[in-house]
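Have the structure open while you read.

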Amino acid sequence: MSAPRVLVIIPAHDEEESLPRTLAEVRAAAPDVDLLVVDDGSRDGTPRVARASGVEVVRHPVNLGVGGALQTGFRWACEHGYDIGVQLDADGQHDPLYLAALLAPVLEGRCNVSIGSRYVARTGYRAPLNRRLGMLLFSGIVRMALGQRITDTTSGFRAYDRPVMEVCRVEFPRDFPDAPLLISLARRGFRLLEVPVEMRERIAGRSFYTLGKQLYYPYKNLLASLMAFIQRSN
Amino acid sequence: MQFLSRTQVVVAIGAVLLALYVLDLVRRRRLSEEYSFAWVAATVTIAVLGFSTPILVGLTRLLGVVMEVSTVFAFGIAFSLAMLLYLSVRLSRLGTEKDAMVRELALLRYEFEAERRAMAERNGA
């Protein structure tokens, strides 16, 4: 059997400053994996710098949000025959040095989705209070729904195997693919596993989480978690 | 014809004018027949209630409403809420459809550009 093909999917919206460094770091850390940048309707030079780095680029004509960009990535990955897809932020938060650790349990078949978690082991990361409260809340919800402890539900550093990508290419939350996604995947019988990672400060650009979204986020994720829990898994 | 209040007359005439405007929008192709249906049905209902005092009084008694004019407004508000909910549902569906189109377009453009690059290389070689 040939070695599994791995695609790192990087959703990018106005990330021209941080993207080249992120791409170079992934290349250096994992020379065997392929890279796909999903440019989510950027107005800056994101697609240009991505192409200049020599990676594959799929461009959304308008902004769909991080979930929408990831879904495009999963579809591309499935259509191009990849076995594993890794979700990685363009802003440099996720250290590609942890790629191997993230991929290992999926490659070994120990889980379908591995989640790079800031909290499984003691790491240097300390989130602001509102985020800590939110994480506590959604971690509790996931535990209630699944009976499994997922400490870092908001981590955007994850690896998905092919069967999971086949589901996600069809159905994926358009914004905040966090706790509700994990619940819905686990309800379909996929196994989730957390892997300890350290995260860094973003290199440049703005965070996705503005004030309006901070108010909307808990509402949306509570409701979507509930829906993911009561919807029949089929 | 006997009217209970001046409000009733104003509302009834207003409903007729709105119905005519809706039909005119359809004529000018600014509003689709599908969406005009709910508007015409609602405005005709309000106009009937406004112009026919016996129906209005009977319905008001039946519903236990104190003032006849409240019955007319209740129908108007009920329609507005139903229409807003219907539009929210349609908007959600349009959003999902838009996302699917954007995704399809992005992937097609990728294939197209990849094909074009390959062709240029073949021609150049």
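## Helix packing and cores

Helix 1 of chain B and helix 2 of chain B run roughly antiparallel to each other (over 145 degrees counts as antiparallel, under 35 as parallel, 65 to 115 as perpendicular and the rest as oblique). This is a predicted model, so local features need pLDDT of at least 70 and side-chain atom pairs count only at pLDDT 80 or more, while totals for chains, interfaces and linings use all residues. Residues are numbered from 1 along each chain as its sequence is written, chains are lettered from A in the order in which they are written, and side-chain values use heavy atoms, with hydrogens and water left out.

Helices are DSSP runs of H or I with at least four residues, strands are E runs of at least two, and both are numbered from the N terminus. Axes are lines fitted to C-alpha atoms, for helices over the stretch in contact, with angles from 0 to 180 degrees between N-to-C directions.

| Helix pair | Angle | Axis distance |
|---|---|---|
| Helix 1 (residues 6–27) and helix 2 (residues 33–51) of chain B | about 160 degrees | 8 Å |
| Helix 2 and helix 3 (residues 53–63) of chain B | about 100 degrees | 5 Å |
| Helix 5 (residues 129–146) and helix 8 (residues 211–230) of chain A | roughly 5 degrees | within 11 Å |

Back to the antiparallel pair: helix 1 of chain B and helix 2 of chain B are roughly antiparallel, and their contact (heavy atoms within 4.5 Å) includes B:Val11, B:Ala15 and B:Val22 from helix 1 of chain B and B:Trp39, B:Val40 and B:Ile46 from helix 2 of chain B. By class, that contact of helix 1 with helix 2 of chain B has 16 nonpolar, 4 polar and 1 charged residues. Ala, Val, Leu, Ile, Met, Phe, Trp, Tyr, Cys and Pro count as nonpolar, Asp, Glu, Lys and Arg as charged, and the others, Gly among them, as polar.

Helix 2 of chain B packs on helix 3 of chain B at about 100 degrees, which makes the two roughly perpendicular. B:Val48, B:Leu49 and B:Phe51 of helix 2 of chain B meet B:Thr53, B:Ile55, B:Leu56 and B:Leu59 of helix 3 of chain B.

Over in chain A, helix 5 and helix 8 are roughly parallel. Among the residues meeting there are A:Phe138 and A:Ile141 in helix 5 of chain A and A:Tyr217 and A:Leu222 in helix 8 of chain A. The class count for helix 5 with helix 8 of chain A is 7 nonpolar, 4 polar and no charged residues.

Now the interior. A nonpolar core is a set of buried Ala, Val, Leu, Ile, Met, Phe, Trp, Tyr and Cys residues joined through side-chain atoms within 4.5 Å. Of the 40 residues in the largest one, A:Phe74, A:Trp76, A:Tyr160, A:Leu185 and A:Leu192 touch the most other members. Helix 3 (residues 66–79) of chain A gives this core the most, with 7 residues.

A:Leu70 sits in helix 3 of chain A and counts as buried at 0% relative accessibility (buried is under 20%, exposed over 50%, partly exposed in between, with a 1.4 Å probe and protein chains only). The C-alpha atoms of A:Leu70 and A:Pro11 are separated by 6.3 Å, though the residues are 59 apart along the chain.

A:Thr153, in the loop between helix 5 and strand 6 (158–161) of chain A, is buried with a relative accessible area of 0%.
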